[in-house]
Amino acid sequence: MGKIIAVIMWLLVIGTVLLFVGQNVLFGDGRLWFPENISEIGATIDTQFSRTLVVVGIAFVLSQVALGYVVFRFGRRGQERAQYIHGSGKLEAIWTVATGVVFIVLAVMAQFIWAQVHLQEAGPNAVKVEVVAQQFQFNFHYPGADGVFGRTEPKFINDSSLNYVGLDPSDANGKDDVQTTTLVVPVGDPVDLTLRSKDVIHSLFIPALRFKQDTVPGLSIKMHFTANKAGKYEIPCAELCGQLHYNMRSFMLVLPKDDYRAMAAMSEEKFKERLTELLQQYPINR
Amino acid sequence: MLKKYGSMIVAAALVAFMIASCKPKKKDDGPVDTGKSPYQSKNDEGTISGVIKFDGTPPDRKRIDMGADANCASAGGEKLTEEVLVTDGKLANVFVYLTGGPVDQFSFQPPSDPVVLDQKGCRYDPHVLGVMIKQTLRILNSDQTAHNVHPTPKNNPEWNESQPPGTAPKEKTFNRAETLIPVKCNQHPWMKANVGVLAHPCFSVSAQDGTYTIKNVPPGNYTLVTWHETMGEQKTQITVGASEKKTQDFTYKSSVAYAPTSLRVEAALILP
């Protein structure tokens with residue numbers, strides 16, 4: 001029985017490896033089931049992911065093969081009997097240090113990528129958008145033609161009059177501001193996001209950008225990205241945020257620069273009118 | 001003695017406290033027994049009608065971005081806000097009702113016909129409506145998307161229920177008078193309705209042309225109240241004689257701040 005179990009274990013390991021390699025390397029496009037990457041730093045994130053996958057994949061195969069070997073050799077009907085040992089300090093130290101080194105190296109490499117989007121500035125010419133998440137909708141606030149955001153205060157929040165972010169109606173800077181539920185950005189220009197939440201923790205997830213960031217009540221979190229391909233992309237909420245979380249989804253519309261600039265100069269009414277047309281024009285890129 | 005049985009006494013006290021806590025709480029959502037005698041009609045009821053006018057330039061109605069829900073985006077109907085709905089200087093969606101006089105002195109039987117609140121084109125239809133205490137409010141979902149009906153009353157129990165497309169209508173009642181209860185949809189934040197709940201049938205909502213009519217008004221002296229979602233309340237004293245037809249118009253001005261409504265809520269969240 002031990003030998004059969006061991007063989008099954010080995011077959012499962014071989015099958016898993018073959019399925020993965022065949023699907024992604026031999027017959028697939030090598031994207032590891034990822035959606036299309038349209039982010040400037042997406043390739044780096046994917047490389048980091050692949051690197052991690054290879055490391056844990058090797059550990060997985062080795063450990064399963066070794067486990068199968070032990071089951072095969074010391075099974076109940078086998079000739080040899082397994083020997084009980086109390087523990088080996090030397091062995092434990094080796095595998096703990098080895099595992100620690102591997103994970104620390106992976107983490108340090110990942111920090112370089114994390115720092116690029118969190119700690120480095122997006123640049124003075126970046127397109128600025130404020131994101132205010134709420135149950136169950138992402139709101140995107142643009143500064144309008146003047147490039148200056150209007151003042152916001154919670155007491156002005158009124159969902160039914162579409163003032164989702166609480167723009168102060170008496171502030172002149174806010175007169176041309178635009179609030180939508182769709183993120184509209186230009187191709188090739190850096191986009192500087194400031195993320196907030198009105199109620200609970202949400203997570204703005206844009207798979208095509210390899211971008212995922214929680215929005216936390218009480219915090220203003222800055223991140224930036226550059227999208228390099230026009231199209232319509234999904235933005236699901238990636239944090240369980242309540243009963244209707246499953247339905248919390250927005251879209252990101254990446255437009256050619258000229259189209260974006262034309263929209264950025266529009267009034268809110270014209271902006272939304274154009275947005276409605278564009279959302280129907282573009283199919284969803286998956 | 002105390003040392004020996006102290007822990008037992010504390011345990012017994014705790015158990016007694018827990019049992020007391022588990023006692024069913026007094027329900028606060030039942031109908032209020034007013035002790036009023038039922039209204040006896042003498043077939044001499046009057047009528048109040050009028051027009052709600054708007055003086056000034058109404059605010060632009062904003063376009064609603066429904067892009068996050070493809071079913072809403074492709075649904076028919078105009079996608080504009082309807083808080084201030086002015087047509088040719090006439091204001092719609094104003095809730096008009098009576099207080100004082102016989103409508104407060106007597107009890108009235110609610111009609112058996114339900115009042116319908118539909119969800120159509122990802123908006124509530126109608127935007128403002130009235131029901132009587134214990135009268136059925138029938139809520140429909142005519143859309144191809146799921147809605148989440150969520151009234152947020154102050155005097156009645158709050159509830160919050162999903163209504164997927166194609167499901168049966170919801171039938172609800174309110175047991176206490178309240179002017180007015182905001183109803184939102186948790187799925188689509190732009191959706192809002194306002195439901196006025198009264199103990200009597202003397203109320204009306206101004207139509208697209210600003211007109212309203214309150215029928216079957218028992219003769220007496222009243223306060224006639226108009227309520228608007230963003231502009232607040234106006235009140236006037238009115239006397240209705242036997243079988244009398246009274247006319248009372250109101251005018252809202254864009255530049256005037258009216259009395260605060262019972263709906264004004266200050267946000268408690270602070271965004272950094």
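In which loop of chain B does Asn93(B) lie? Asn93(B) lies in the loop between β4 (90-91) and β5 (95-99) of chain B. Strands here are DSSP runs of E, at least two residues, and helices are runs of H or I, at least four residues, both numbered from the N terminus.

Before I go on, some housekeeping. This is a predicted model, where local features need pLDDT of at least 70 and side-chain atom pairs count only at pLDDT 80 or more, while totals for chains, interfaces and linings use all residues. Residues are numbered from 1 along each chain as its sequence is written, chains are lettered from A and ligands numbered from 1 in the order in which they are written, and side-chain values use heavy atoms, with hydrogens and water left out.

Okay, back to Asn93(B). Asn93(B) has a positive phi of about 60° although it is not a glycine. Most residues other than glycine have a negative phi, and most peptide bonds are trans. Asn93(B) counts as buried because its relative accessibility is 11%; buried means under 20% relative accessible area, exposed over 50%, and partly exposed in between, with a 1.4 Å probe and protein chains only.

Now compare Ser243(B), with its positive phi near 55°. Ser243(B) sits in the loop between β19 (232-240) and β20 (245-247) of chain B, and at 47% relative accessible area it is partly exposed.

What about the peptide bonds? The one from Asp125(B) to Pro126(B) is cis, with omega near 5°, and Pro126(B) lies in the loop between β8 and β9 of chain B. The bond from Thr179(B) to Leu180(B) is also cis, with omega near -10°. Leu180(B) belongs to strand β14 (residues 178-185) of chain B.

Stay in that β8 to β9 loop for a second, as His127(B) is there too. His127(B) counts as buried, at 6% relative accessibility. Its contacts (heavy atoms within 4.5 Å) include our friend Asn93(B), along with Glu82(B) and Glu229(B). The side chain of His127(B) also reaches the backbone oxygen of Lys192(B) at 2.9 Å. That's a polar contact, meaning a pair of N or O atoms within 3.5 Å; within protein, one must be able to donate a hydrogen and the other to accept it, and residues adjacent in sequence count only if both atoms are side-chain atoms.

Zooming out, chain B has three helices and 21 strands, and of its 272 residues, 45% count as buried. One of the buried ones is Ile139(B), at 1% relative accessibility, in strand β10 (residues 137-141) of chain B. Among its contacts are Leu117(B), Val149(B) and Trp159(B).

Over to chain A. Helix α2 (residues 42-73) and helix α3 (residues 89-118) of chain A pack at an angle of about 170°, with their axes 10 Å apart. Axes are lines fitted to C-alpha atoms, for helices over the stretch in contact, and angles run from 0 to 180 degrees between N-to-C directions. So α2(A) is roughly antiparallel to α3(A), the word for angles over 145 degrees.

Last, how much area do chain A and chain B bury between them? About 2,700 Å², 51% of it on carbon and sulfur atoms. Buried area is the accessible area, with a 1.4 Å probe, that two parts lose on being put together, summed over both. The contact takes 35 residues from chain A and 25 residues from chain B.

Methods. Angles under 35 degrees count as roughly parallel, over 145 as roughly antiparallel, 65 to 115 as roughly perpendicular and the rest as oblique. Lists of a residue's contacts leave out its neighbours within four places in sequence.
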